[in-house]
Amino acid sequence: MTSLRLEGVGFVYPDGTRALTDVDLAIEPGERVAIVGQNGSGKSTLVRHLNGLLRPTEGRVLHDGEDVAGRRVSALAARVGIVFQNPDRQIFAGKVRDEVAFGPRILGRSAGEAQQAGLDALTAVGLAESIDANPYDLGYSRRKLLALASVLAMGTPVLVLDEPTTGQDARGIARVQQVIADVAATGRTVIAISHDMRFVAETFGRVVAMGAGRVLLDGDPAKVFAEPTWPILASTYLEPTYAARVGARLALGPTPREQDVVDALVRQGAAIDPERTILPD
Ligand SMILES: Nc1ncnc2c1ncn2[C@@H]1O[C@H](COP(=O)(O)OP(=O)(O)O)[C@@H](O)[C@H]1O
Ligand SMILES: [Mg+2]
């Protein structure tokens with residue numbers, strides 16, 4: 001397992017664009033961390049520092065307390081697997097089965113082990129029946145899941161997902177949520193960038209909000225989406241979840257349960273039929 005630490009990290013792209021300023025962040029094994037913030041706030045730049053794809057122009061990045069400055073990307077990638085936002089910049093094989101076995105092979109697994117790891121990852125994302133397909137015969141949402149499977153198959157101690165729910169329907173989102181829960185349950189770390197605040201609030205134990213290359217908020221979802229932070233969220237173009245807004249109006253806090261909302265409305269005189277079920281059994 002790998003603990004991650006950024007100390008005073010700043011980053012300026014070669015063209016002079018400053019993307020990160022004074023970022024301090026420590027992430028322990030087994031944490032589920034969402035990174036949120038408006039476009040251009042530095043989320044992707046930040047996660048690329050975790051596996052050495054980018055090197056800080058100020059400050060340090062540490063794995064298990066050791067500065068990674070001298071380590072090669074190939075060594076760091078064995079610890080931190082990143083699923084990029086655009087699957088088509090990641091997928092390269094002509095067969096799904098080769099795509100998912102490639103990562104484990106690179107990490108030194110035998111052909112048999114790599115095949116099994118690939119199949120397990122495909123099963124986890126619901127693509128086992130597509131194992132003989134050509135990746136480009138799959139639709140966009142399935143290519144996203146394939147890109148996730150190909151990194152998941154590597155079994156890295158840290159899994160990073162850049163916008164994993166883009167293009168997914170409710171079932172695809174549930175798949176992604178299950179993968180995240182399963183990975184975290186084995187003590188590994190999951191970090192995801194997302195614009196979907198409901199997915200974030202329901203899936204992650206910690207939320208880091210970024211704006212203009214800095215960390216603006218860092219805490220559990222109840223804290224980050226609580227009413228006092230709304231002006232800060234708005235400054236990086238984020239809205240609190242629908243549940244948090246309803247909870248605030250009914251004085252139930254940022255993570256109200258459906259039953260508490262109903263009870264509060266009934267107390268205020270709403271005519272709600274207690275027998276009426278919303279979802280089919
Ligand atoms: N390759 C690059 N060269 C120069 N500037 C870049 C590059 N990639 C990103 N940037 C800039 O760095 C800042 C942060 O971008 P990014 O990390 O992609 O943000 P986010 O992922 O939050 O949308 C933005 O101002 C963006 O325009
Ligand atoms: Mg990005």
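How are H4 and H5 oriented to each other? In this predicted model, helix H4 (residues 111-125) and helix H5 (residues 140-152) pack at an angle of about 140°, and their axes sit 8 Å apart. Angles over 145 degrees would count as roughly antiparallel, so H4 and H5 come out as oblique to each other. The crossing of H4 past H5 is right-handed. On the H4 side, the contact is made by Ala-121, Leu-122, Ala-124 and Val-125, which meet Leu-145, Leu-148, Ala-149 and Leu-152 of H5. That makes eight nonpolar residues in this contact, with no polar and no charged ones.

Next comes the sheet. It is an open one of six strands, ordered E6-E7-E8-E3-E9-E10, with mixed pairing. Strand E6 (80-83) and strand E10 (214-219) are the edges, each pairing on one side only. On average, and ignoring direction, neighbouring strands are turned by 15° against each other. Strands E3 (residues 32-36) and E9 (residues 206-211) run parallel and are joined by four bridges; Val-36, for one, has Ala-209 in E9 as its bridge partner. H5 turns up again here, packing on the sheet where it touches E6 and strand E7 (158-162), with its direction at about 170° to that of E6. Helix H6 (residues 170-185) also packs on the sheet, touching E3, E7 and strand E8 (189-193), and its direction makes about 150° with that of E8.

As for ligand 1, the residues around it include Tyr-13, Asp-15, Asn-39, Lys-43 and Thr-45. By class, this shell has eight polar, two nonpolar and two charged residues. Helix H1 (residues 43-48) gives the most to it, with three residues.

Notes
Residues numbered from 1 in each chain as written. Chains lettered and ligands numbered in written order. Predicted model: local features only at pLDDT ≥ 70, side-chain atom pairs only at ≥ 80, totals over all residues. Near = placed C-beta within 6 Å. Helix = DSSP H or I, 4+ residues; strand = E, 2+ residues; numbered from the N terminus. Nonpolar A, V, L, I, M, F, W, Y, C, P; charged D, E, K, R; others polar. Axes fitted to C-alpha atoms, helices over the stretch in contact; angles between N-to-C directions. Parallel < 35°, antiparallel > 145°, perpendicular 65-115°, else oblique. Left-handed = near helix turned anticlockwise from the far one by under 90°. Contact = placed C-beta atoms within 7 Å. Pairing = 2+ DSSP bridges.
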